[in-house]
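I opened my notebook and loaded the structure. These are my entries, in the order I looked things up.

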Amino acid sequence: MPEPLRAVSFEELAAHASAESCWIALHGRVYDVSAFLAEHPGGRKVILREAGRDASAAYAAYHPPDLVAAVLPAHCCIGTLDTASPRVEPVDRHLSPASTSNTFAKPDVGSMLNAFDFEAVARSVLKPEAWAYYSSGSADEITLRENHAAFNRIALLPSVLVDVKNVDTSTSLLGSPSSLPVYITACALGKLGHPEGETVLTRAAASRGVIQMMPTLASCSLDEMLDARSEGQPSWFQLYVNSDREVTRRIVQHAEKRGCKGLFATVDAPQLGRREKDMRVKYNDQLSDIQEQTSGQTNVTRTQGAARAISSFIDPSLNWRDIEWLGTITTLPIVLKGIQTGRDAVRAARIACVAGIVISNHGGRQLDTCRSAIEILPEVVAALKQHAAHRTPRLQIFIDGGIRRGSDVFKALALGADGVGIGRPALYAMSAYGVAGVERLLDVFQEELEMVMRLMGVTSIKEITEDCVEAKHLPSRVTFVKDSLSDRVYEPMDVPVLLQRNSKL
């Protein structure tokens, strides 16, 4: 029988607030993390900020609650936090507390008229590190901006004198009903934007009858997200394949057991792209403390940002054979997320367990200057018609990246997509207004799509075909009309700031 854990007072906890002896409290337990400082993917200073105090809130913004038990050896647990003891702050805190978000009078959620409005408000309320993580793209962010700009090179071809009194936006995605051909795609670290994290998206998805793709790298655990569902609410699970295949097996089978309706395996991330906005925030943050510069940890990188800090387990050896292996451990329909060429779409279609693909460049966060999803879509559709037309059932095609308007949804469906994913807009709406914000965002997409369908002369999703659009200018990558809203909310990349040199006199 293991010995019972002893009680640790706030006073004792506060006495261990240095790199030499670093204790923190997490969810009622006290841990000695001194030996873990150099190994922490996000850098030692992230932990030292909370040394000698209850770090549960800061921890929860980045990690599901059960991660600490999997990472720290059992002997690191000192005891349980005596919450009845007098509160004592650490005596010597060399580090500044984390900055708080800006405070200002937000406009009423009902005044949000489009997805860009939510982005503008979120930029003002999010902490700098949260905004950097959510908004950053790879390298020069060419693809990040092109993702939306490409939609503006597709022209709509409306039909008139059509009875459009009744318009139906409902559809079926992977066999599950959806009120819109729109789903909330997987995005990591929801608690950076809202204390309740991804469960906010779960509840809003239920309220508006759309599907949420639940992420591997969520701030909430998978069970927390699944427990937040309404009765009968369909959900999908996004998978980063772990280097330890048994971990992957356990996660996938648990998701299936809990009722997930689809498994979306991310295939475009053997290595993370250089997300320099995210990296620069973390770089400046680490250098702000002189003690860290002189601590002897010169071989530990501090420049990788939140993305690198949470994703070290992802397997860079993932290949086509592993997709076939996934089919042996689950009966869930498998969708490959991150397809970017027609040839890879055809190869995916030839694997029996693959039910669909997501054409995606990871929101412009991986390989910069690659093509937008909407530009790739016609190539994929043509390749599948030529080489996989015999396949039964037909491969379902989804896209994500840059979708900000109901007209963008319409254009994607016209070019052959079955559904589209929205990521950043949902995060921004959640960060700004919580559940009400995400509900309002989905209402905006509903209102805009219904309007476009009426003005285009179609009354159901199945009537949206390639005859509705002209896309001959799509590959040109030249957009002549300025997109003022998109340009207005985009934050240009920064350069290093020169520091004032202190005089020795």
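Entry 1: Which residues in α6 meet which residues in α18? I looked up the contact in this predicted model. On the α6 side I found Trp131, Tyr134 and Ser135. On the α18 side I listed Arg424, Leu427, Tyr428, Met430 and Ser431. By class, I noted 5 nonpolar, 2 polar and 1 charged residues in this contact.

Next I looked up the geometry. Two packed helices are described by the angle between their axes and the distance between the axes. Helix α6 covers residues 128-135, and helix α18 covers residues 424-433. I read an angle of about 160 degrees, with the axes 10 Å apart. Angles over 145 degrees count as roughly antiparallel, so α6 and α18 are roughly antiparallel to each other. I also wrote down that α6 passes α18 in a left-handed crossing.

**Entry 2: another helix pair.** I turned to helix α15 (residues 342-349) and helix α16 (residues 373-387). How far apart are their axes, and at what angle do they pack? The axes are 8 Å apart, and the angle is about 45 degrees. I therefore called α15 and α16 oblique to each other. The crossing of α15 past α16 is right-handed.

I then listed the contact. From α15 come Gly342, Ala345, Val346 and Ala349. From α16 come Glu379, Val380, Ala383, Leu384 and His387. I sorted the residues of this contact into 6 nonpolar, 2 polar and 1 charged.

**Entry 3: aromatic pairs.** How many aromatic pairs does a search of the whole structure find? I got 8. I looked up one of them, formed by tyrosine 183 and tryptophan 236. The ring centres are 5.1 Å apart, and the planes make an angle of 65 degrees. This pair is edge-to-face. Tyrosine 183 lies in strand β8 (residues 182-184), and tryptophan 236 lies in strand β10 (residues 235-239). The pair therefore ties together parts that are 53 residues apart in sequence.

**Entry 4: confidence.** I checked the pLDDT last. The mean for the protein is 87. I noted that 87% of the residues reach 70 or more. Where does the pLDDT stay under 50? One such stretch is residues 92-101, with 20 contacts in the model beyond four places in sequence. Over residues 283-302 the pLDDT is also below 50. I counted 26 contacts for that stretch beyond near neighbours in sequence. Where pLDDT is low, the predicted coordinates should not be read in detail.

Notes
Residues numbered from 1 in each chain as written. Predicted model: local features only at pLDDT ≥ 70, side-chain atom pairs only at ≥ 80, totals over all residues. Heavy atoms only, no water. Axes fitted to C-alpha atoms, helices over the stretch in contact; angles between N-to-C directions. Helix = DSSP H or I, 4+ residues; strand = E, 2+ residues; numbered from the N terminus. Parallel < 35°, antiparallel > 145°, perpendicular 65-115°, else oblique. Left-handed = near helix turned anticlockwise from the far one by under 90°. Contact = heavy atoms within 4.5 Å. Nonpolar A, V, L, I, M, F, W, Y, C, P; charged D, E, K, R; others polar. pLDDT = per-residue confidence, 0-100. Phe/Tyr/Trp six-rings, centres within 6.5 Å; stacked < 30°, edge-to-face > 60°.
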